[in-house]
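Try each task on your own, then read the solution beside the model.

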Amino acid sequence: MSSPTLTLESPTPAAARKRRLLEILGALAIAGTYVYLVLNQPADITGGPGSASALIALSGFLAGAVLLVVAVLPTLPVSTLVLIPVALVLNIVLGQFVGSTLVPFYLDAIGTVLIAVLAGPAAGAATGALSSIVWSFFNPTVLPFAAGAALIGCLAGLAARYGLFRRFYLAPVAGFLTGIIGGVVSAPIAAFVFGGTSGLATGAIVSAFRSMGDTLLAAITKQALISDPMDKAIVFTLVAVLVYALPRRTRLQFPFVRRHRVLAGAGQPKGRSTGHSAGQGS
């Protein structure tokens with residue numbers, strides 16, 4: 001039996017337009033906060049939520065995440081709502097641990113990509129942003145990367161919507177391409193806000209490029225284009241393994257998976273009318 005959503009009937013066109021507007025406003029709030037950080041390069045943001053720039057970033061990212069959550073909430077099954085806190089913890093624990101090692105990867109987006117595959121781009125973006133927000137209370141340097149985390153969630157959801165998880169071998173390809181985009185977006189933040197020193201292994205790579213005469217931004221961009229595509233290819237592959245390991249009945253609890261046939265064999269269940277899930281999923 002499918003897990004119930006918070007609204008059982010198909011949304012009206014007006015409701016669908018309202019949700020789309022909220023998604024757009026949420027995305028604009030996150031993107032606008034990212035632009036503010038890149039243009040202003042606030043050095044005091046690493047001091048925690050007590051600084052003015054940190055409060056601005058926190059408010060902007062949180063507003064965007066809340067708008068996205070409100071937009072997708074009526075389409076989410078209860079199972080997704082339960083999974084989101086688990087995804088946040090997974091991101092933070094893995095990211096904190098891997099970031100303290102000599103591995104040039106992050107693995108801090110597994111929870112984000114998992115939610116994106118099961119519930120869609122907006123839910124993935126909200127999970128990514130919320131992960132960075134919650135994590136920032138333990139590690140303030142993470143907050144400015146919330147826009148990149150949201151972008152990863154959005155791109156993962158789009159990859160799932162357009163069938164890149166229906167073939168297992170396409171998942172790492174989608175992850176690799178997502179990592180290229182994410183790396184380019186995160187590089188200015190790492191350069192202008194933190195000097196490229198976040199992470200032991202990634203910081204060492206940046207230092208190596210700097211010693212060869214590269215500018216700070218060029219060195220960080222090169223490091224990102226080395227680490228991020230491989231990192232996201234690994235993350236997308238791990239998520240594909242996780243979702244395909246779930247029983248088919250469990251996978252079909254998610255309206256987004258059913259509606260867009262995200263996974264192989266994840267079409268509409270037998271005997272279930274297509275109208276039941278029409279309009280559900282972001």
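**Exercise 1.** Work out how H1 and H2 run relative to each other.

*Solution.* Start with the result to be reached: H1 and H2 are roughly antiparallel. The model, which is a predicted one, gives the step that leads there. The axes of helix H1 (residues 13-40) and H2 cross at roughly 160 degrees and come within 8 Å. Next, look at the hand of the crossing: H1 passes H2 in a left-handed way. Finally, list who takes part. On the H1 side the contact includes Leu22, Gly26, Ala29, Ile30 and Thr33, and on the H2 side it includes Ile56, Ala57, Gly60, Phe61 and Gly64. By class, the contact of H1 with H2 has 17 nonpolar, five polar and two charged residues.

**Exercise 2.** Decide whether glycine 60 is buried or exposed, and find which residues it touches.

*Solution.* First place the residue: glycine 60 sits in helix H2 (residues 52-72). Its relative accessibility is 14%, so glycine 60 counts as buried; the cut-off for buried is under 20%. Then look for its partners. Leaving out residues up to four places away in sequence, glycine 60 touches Ala29, Ile30 and Thr33.

**Exercise 3.** Describe how H4 and H5 pack, and sort the residues of their contact by class.

*Solution.* Helix H4 (residues 110-119) and helix H5 (residues 121-136) have axes 7 Å apart and pack at an angle of about 160 degrees. H4 and H5 are therefore roughly antiparallel to each other. Their crossing is right-handed. In the contact, Gly111, Thr112, Ile115, Ala116 and Ala119 of H4 meet Ala123, Gly124, Thr127, Gly128 and Ser131 of H5. Sorted by class, the contact of H4 with H5 has four nonpolar residues, six polar and no charged.

**Exercise 4.** How many aromatic pairs does a search of the whole structure find?

*Solution.* The search finds one aromatic pair. The ring centres of phenylalanine 165 and phenylalanine 236 are 5.7 Å apart and the planes lie at 25 degrees, so the pair is stacked. Now locate the partners: phenylalanine 165 is in the loop between helix H6 (146-161) and helix H7 (170-192), and phenylalanine 236 is in helix H9 (residues 216-245). The pair links distant parts of the chain, 71 residues apart. To finish, check accessibility: phenylalanine 165 counts as buried at 0%, and phenylalanine 236 is buried with a relative accessible area of 0%.

Conventions:
Residues numbered from 1 in each chain as written. Predicted model: local features only at pLDDT ≥ 70, side-chain atom pairs only at ≥ 80, totals over all residues. Heavy atoms only, no water. Axes fitted to C-alpha atoms, helices over the stretch in contact; angles between N-to-C directions. Helix = DSSP H or I, 4+ residues; strand = E, 2+ residues; numbered from the N terminus. Parallel < 35°, antiparallel > 145°, perpendicular 65-115°, else oblique. Left-handed = near helix turned anticlockwise from the far one by under 90°. Contact = heavy atoms within 4.5 Å. Nonpolar A, V, L, I, M, F, W, Y, C, P; charged D, E, K, R; others polar. Phe/Tyr/Trp six-rings, centres within 6.5 Å; stacked < 30°, edge-to-face > 60°. Buried < 20%, exposed > 50% of the residue type's maximum accessible area, 1.4 Å probe, protein only.
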